[in-house]
Amino acid sequence: TSGSTQTMKLNAIILAVLMLSSCVLTAADVGDRLPDFVLKDLRGHHVAWNRFRGKVVVLNLWMTTCPPCRNEMPAIQKAYDTYKSQGFEVWGVNVAETPDQVQAYMKQLGLNFNMVLDPDSKVSHQYHVFGLPTSVFVGRDGVIREVIVGEMGENSLDANLMKLVRQ
């Protein structure tokens with residue numbers, strides 16, 4: 001009986017890890033065009049995906065309560081500062097939080113890249129995102145070039161961006 005209890009506990013742990021760390025992007029796989037979306041920025045203005053055509057973009061889906069999201073924000077800001085003159089944009093997509101929460105978080109971390117709100121998780125559901133953070137790298141042609149689930153290191157971020165900004 002203790003063996004079956006241990007097996008049940010192990011299965012529960014495995015299931016929990018998979019649920020927390022998995023992401024399936026069936027609607028937006030590498031090699032696909034990024035699906036269209038419209039979200040509001042922190043000032044309440046509508047931002048449509050077609051606005052990004054011709055630029056290298058990282059869409060970073062995140063929440064203020066996500067420690068890995070917080071850990072990668074300085075690297076994302078640094079990449080934005082480094083590559084923005086080469087046609088690179090970062091669009092943070094905050095999932096299910098208020099503008100006040102996001103603005104306070106951005107101020108605390110010194111973030112100044114673009115931010116839009118996904119208050120009812122429409123975009124994260126459209127992309128079938130189940131783990132945060134999730135970063136979607138999009139080329140100038142609007143095609144998804146890379147998807148990184150979980151915390152991005154600075155080296156991974158730079159390697160992906162250098163390939164894209166040179167295209």
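Alanine 96 is partly exposed, with a relative accessible area of 41%, where buried means under 20% relative accessible area, exposed over 50% and partly exposed in between, computed with a 1.4 Å probe on protein chains only. Alanine 96 lies in the loop between strand S4 (88–95) and H3, and although it is not a glycine, it has a positive phi of about 65°. Helices (H or I, at least four residues) and strands (E, at least two) are DSSP runs, numbered from the N terminus.

Serine 121 is likewise not a glycine and has a positive phi, of about 60°. Serine 121 is placed in the loop between strand S5 (114–118) and H4, and at 13% relative accessibility it counts as buried.

## The model and its confidence

This is a predicted model, in which local features need pLDDT of at least 70 and side-chain atom pairs count only at pLDDT 80 or more, while totals for chains, interfaces and linings use all residues. Residues are numbered from 1 along each chain as its sequence is written, and side-chain values use heavy atoms, with hydrogens and water left out.

The mean pLDDT (the predictor's confidence in each residue, from 0 to 100) is 86 for the protein, and 83% of its residues reach 70 or more. Over residues 14–27 pLDDT stays under 50, and for this stretch the model has 25 contacts beyond four places in sequence, a contact meaning heavy atoms within 4.5 Å. Where pLDDT is low, the predicted coordinates should not be read in detail.

## Overall fold

The protein has five helices and seven strands, which follow the pattern α-β-β-β-α-β-α-β-α-β-β-α when read along the sequence. Of its 167 residues, 43% count as buried.

## Helices H2 and H3

Helix H2 (residues 67–83) packs against helix H3 (residues 99–109) at an angle of about 50°, with their axes 11 Å apart; axes are lines fitted to C-alpha atoms, for helices over the stretch in contact, and angles run from 0 to 180 degrees between N-to-C directions. Cys69, Arg70 and Met73 in H2 meet Tyr105, Gln108 and Leu109 in H3.

Glutamine 103 also belongs to helix H3 and is partly exposed, with a relative accessible area of 37%. Glutamine 103 and methionine 115 are 12 residues apart in sequence and 9.3 Å apart in space, C-alpha to C-alpha.

## A cis peptide bond

Leucine 132 and proline 133 are joined by a cis peptide bond, with omega about -5°. Proline 133 is found in the loop between helix H4 (122–126) and strand S6 (134–138).
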